[in-house]
Amino acid sequence: MNDSFAKLPWVDEVALILVYFLTAWLVGLVVKSVINRLLSMSKIFARRGHSNERERTLRSLLSNAINMIAIITAFVLSLSIFVNLDTLIWLVGFFSAAFGFGARLLIGDYLAGLSFIFENTFSVGEKIELELLKPIEGVVEAVNLRTSFLRAPTGELFVVPNGEIRTVRNFSRGKFSVTNIKLK
């Protein structure tokens, strides 16, 4: 029975596809542990403004990006079993251009989020003001790749796409602070 099963024409292709995706999964596991070790030994977080949330965000960002690249590579390699290489390159180029054009606002939000995280423009717990259609002032509750969450003094929660943020006024940084004191 094993001989008749091994003679089926699709068994080799399925086995190769399984090997590709198993390799991608293993790469994801190895990369996650390597990134955790590298970032724990790194001096990136020794600078002013170190926060556990920022460290956690960077770890997740790096491991997810490499894991996504491994899965996409496994998918393209699996597809190359059934599709001619010239056609495959043309299709990948066409769909990536179409996706990039169609999702340019979303991609802009993610790229702005990357710059906010790596440049440490503002952190969770800091009081900032964002210049949008009207100025929004509040305390940063969360920052992720796509959006920033800002709690206003009146209690409202603003969810701002990172691609719309152009000017940030940070009240929590610097040597100076304004205080009003009334003496009688």
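## Close-up views of a predicted model

View 1. D109 belongs to helix α5 and is buried, with a relative accessible area of 8%. Here buried means under 20% relative accessible area, exposed over 50%, and partly exposed in between (1.4 Å probe, protein chains only). Helices (H or I, at least four residues) and strands (E, at least two) are DSSP runs, numbered from the N terminus.

Before we move on, a word on conventions: residues are numbered from 1 along each chain as its sequence is written, and side-chain values use heavy atoms, with hydrogens and water left out. Because the model is predicted, local features need pLDDT of at least 70 and side-chain atom pairs count only at pLDDT 80 or more, while totals for chains, interfaces and linings use all residues.

**View 2. The salt bridge between R146 and D109.** Which residue forms a salt bridge with D109? The partner is R146, and the closest N and O atoms are 2.2 Å apart. The pair links distant parts of the chain, 37 residues apart: R146 is in the loop between β2 (135-143) and β3 (147-151), and D109 is in helix α5. A salt bridge is a side-chain nitrogen of Lys or Arg within 4 Å of a carboxyl oxygen of Asp or Glu. R146 is partly exposed, at 33% relative accessible area.

**View 3. Two salt bridges between strands.** The whole structure holds four salt bridges, and two of them are shown here. K127 and E137 meet through their side chains at 3.1 Å, N to O. K127 lies in strand β1 (residues 127-131) and E137 in strand β2, so this pair ties together parts that are 10 residues apart in sequence. K127 is partly exposed at 35%, and E137 is partly exposed at 28%.

The side chains of E141 and R151 form a salt bridge at 2.8 Å, N to O. With E141 in strand β2 and R151 in strand β3, the pair ties together parts that are 10 residues apart in sequence. Both are partly exposed: E141 has 37% relative accessibility and R151 has 31%.

**View 4. The two faces of helix α5.** Buried in α5 are D109, A112, G113, F116 and I117. Seen down the axis, these buried residues fall within an arc of 135°, so they line one face of the helix. That arc is taken from the directions from the helix axis to the C-beta atoms. The face turned away from the buried side carries the exposed residues R104, L111 and E119. After α5 comes N120, with a positive phi near 55°.

**View 5. A nonpolar surface patch.** F21, I71, F75 and L79 make a nonpolar surface patch of about 330 Å². Patches are made of residues with over 30% relative accessible area and no salt bridge: like charges are joined within 9 Å, nonpolar side chains (Val, Leu, Ile, Met, Phe, Trp, Tyr) within 5 Å. Accessible areas come from the Shrake-Rupley method with a 1.4 Å probe; for residues, only the protein chains shown count as cover. Helix α3 (residues 52-80) gives the most to the patch, with three residues. L79 lies in this helix and is partly exposed at 32%.
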